[in-house]
Amino acid sequence: MTLDRSEDPRLALAQARPIGEIADRLGVADLKRVTHSERAGPCPACGGRDRFALNTARGVFNCRGCGARGDGIALVRLVLGCDFPSALAFLEGERVEVDPAEIERRRRAAADRKRAQEEEAARYRAHAIGDARKIWQRSSPADGSPVMQYLAARSIRLPRAPDALRFLPDHPCVKKIGGRLETLHRGPCMIAGILDRSDRLVAVHQTWLDLSRPDLDFKAEIRSPSGERLPAKMVRGAKKGGAIRLGATGSSARALVAGEGIETTLSAMVVDPIGPANFWALVDLGNMSGIMLDRPGVRWSGEPDMSDSDAWVPPPWVDRLFFLRDGDSAPAMTSAKLRAGIERARASVPGLVGRIVDPGEGRDFNDILRGK
Ligand SMILES: [Zn+2]
């Protein structure tokens with residue numbers, strides 16, 4: 001059988017199928033929801049625990065283990081180990097002449113489904129941002145609060161608190177566990193505002209504090225109902241593309257120093273490695289990098305996917321961008337992500353000079369400040 005892909009009406013139908021539905025039909029099991037549009041779990045081809053991810057919004061999958069990636073048809077080929085015509089037959093049946101009206105009806109149904117999915121994602125996002133704003137409005141300025149004691153305990157001594165940091169004395173840590181919301185902890189919490197590029201508050205970064213626990217870097221011990229230790233920090237809202245603007249060491253500084261965490265970035269502000277600059281925390285490495293381009297045979301390309309229009313880019317007034325590198329366990333991935341972020345920034349702001357600052361030997365700037 002020869003297959004002219006461009007003329008086979010089944011191709012458009014197969015491509016219009018939601019990838020989540022295809023995965024379910026193939027019996028791809030144990031995928032857990034990670035974000036609104038992402039599910040992760042073991043790879044149907046090479047196993048593991050969470051290396052395989054399905055993005056239902058973009059209709060694609062990828063595996064960090066075996067490198068398999070692609071759309072719904074590629075997923076069928078991966079799971080069934082079959083060729084393209086067989087994958088198409090699995091999804092749409094053997095080739096038959098399909099009534100053009102039927103094709104049109106199914107195309108419209110796919111478009112409706114996509115629109116409904118986008119609307120749901122927008123509602124979910126608006127709800128999360130609304131939550132973040134409520135938390136922010138309840139909180140009070142950090143000056144004179146345990147937030148300043150916490151930072152001092154981390155050797156970060158500031159004359160006054162950044163406006164981006166606030167405090168809540170008895171803030172609940174709520175997590176969704178098995179579909180139910182559970183309060184795992186309550187207590188003093190540092191609240192950091194995450195602003196988007198239009199200066200709107202779109203998320204809050206929450207760090208639960210415990211000044212009696214130097215062994216935990218003065219953060220609270222939070223455990224899941226099954227006893228597993230959880231991070232004492234959590235973001236609520238839509239952080240992508242946003243930043244915690246911690247302050248500046250010069251009123252008209254055009255340099256921007258950006259790190260992942262609040263403590264690392266504030267430590268760099270105290271160490272003051274480059275002279276007058278602005279200091280922003282970008283929350284996590286994924287937000288510093290944006291989506292990277294896929295390159296066949298390369299695990300981390302280090303090149304930015306410029307079609308990722310929500311990715312963080314520096315404001316147009318920045319002339320020098322310094323990315324702070326944290327000591328971490330995955331150096332190759334970290335390097336690639338930081339490189340991608342710098343390249344994205346250079347492509348977005350003409351004339352910008354970018355550099356990665358590495359404190360070396362698995363340390364971060366807070367370690368340096370504390371003399372470690
Ligand atoms: Zn795999």
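Predicted model: local features only at pLDDT ≥ 70, side-chain atom pairs only at ≥ 80, totals over all residues.
1. Overall make-up. The protein contains ten helices and 17 strands.

2. Domains. Two domains are assigned: domain 1 covers 9-98, and domain 2 covers 240-372. Their centres, taken over C-alpha atoms, are separated by 34 Å.

3. Of the 372 residues in the protein, 41% are buried. Among contacts with a separation of 6 or more, 60% are accounted for by residues 24 or more positions apart.

4. Helix 2 and helix 3, geometry. Two packed helices are described by the angle between their axes and the distance between the axes. Helix 2 (residues 19-26) packs on helix 3 (residues 72-80) at an angle of about 15°, and the axes are 9 Å apart. Because angles under 35 degrees count as roughly parallel, helix 2 is roughly parallel to helix 3. The crossing of this pair is right-handed.

5. Helix 2 and helix 3, residues. On the helix 2 side, the contact is made by Ile19, Ile22, Ala23 and Leu26. Helix 3 contributes Gly72, Leu75, Val76, Val79 and Leu80. Sorted by class, the contact of helix 2 with helix 3 has eight nonpolar residues, one polar residue and no charged residues.

6. Helix 3 and helix 4, geometry. Helix 3 also packs against helix 4 (residues 84-92): the two axes come within 9 Å and cross at roughly 105°. Since angles of 65 to 115 degrees count as roughly perpendicular, helix 3 and helix 4 are roughly perpendicular to each other.

7. Helix 3 and helix 4, residues. From helix 3, the residues in this contact are Ile73, Val76, Arg77 and Leu80. From helix 4 they are Phe84, Ala87, Leu88, Phe90 and Leu91. The contact of helix 3 with helix 4 divides into eight nonpolar residues, no polar residues and one charged residue.

8. Ala332. This residue lies in helix 9 (residues 331-348). Is Ala332 buried or exposed? Its relative accessibility is 55%, and exposed means over 50%, so Ala332 counts as exposed. Arg299 is 33 residues from Ala332 along the chain, and the C-alpha atoms of the two are separated by 9.5 Å.

Technical notes
Residues numbered from 1 in each chain as written. Heavy atoms only, no water. Domains from an automatic or database assignment. Axes fitted to C-alpha atoms, helices over the stretch in contact; angles between N-to-C directions. Helix = DSSP H or I, 4+ residues; strand = E, 2+ residues; numbered from the N terminus. Parallel < 35°, antiparallel > 145°, perpendicular 65-115°, else oblique. Left-handed = near helix turned anticlockwise from the far one by under 90°. Contact = heavy atoms within 4.5 Å. Nonpolar A, V, L, I, M, F, W, Y, C, P; charged D, E, K, R; others polar. Buried < 20%, exposed > 50% of the residue type's maximum accessible area, 1.4 Å probe, protein only.
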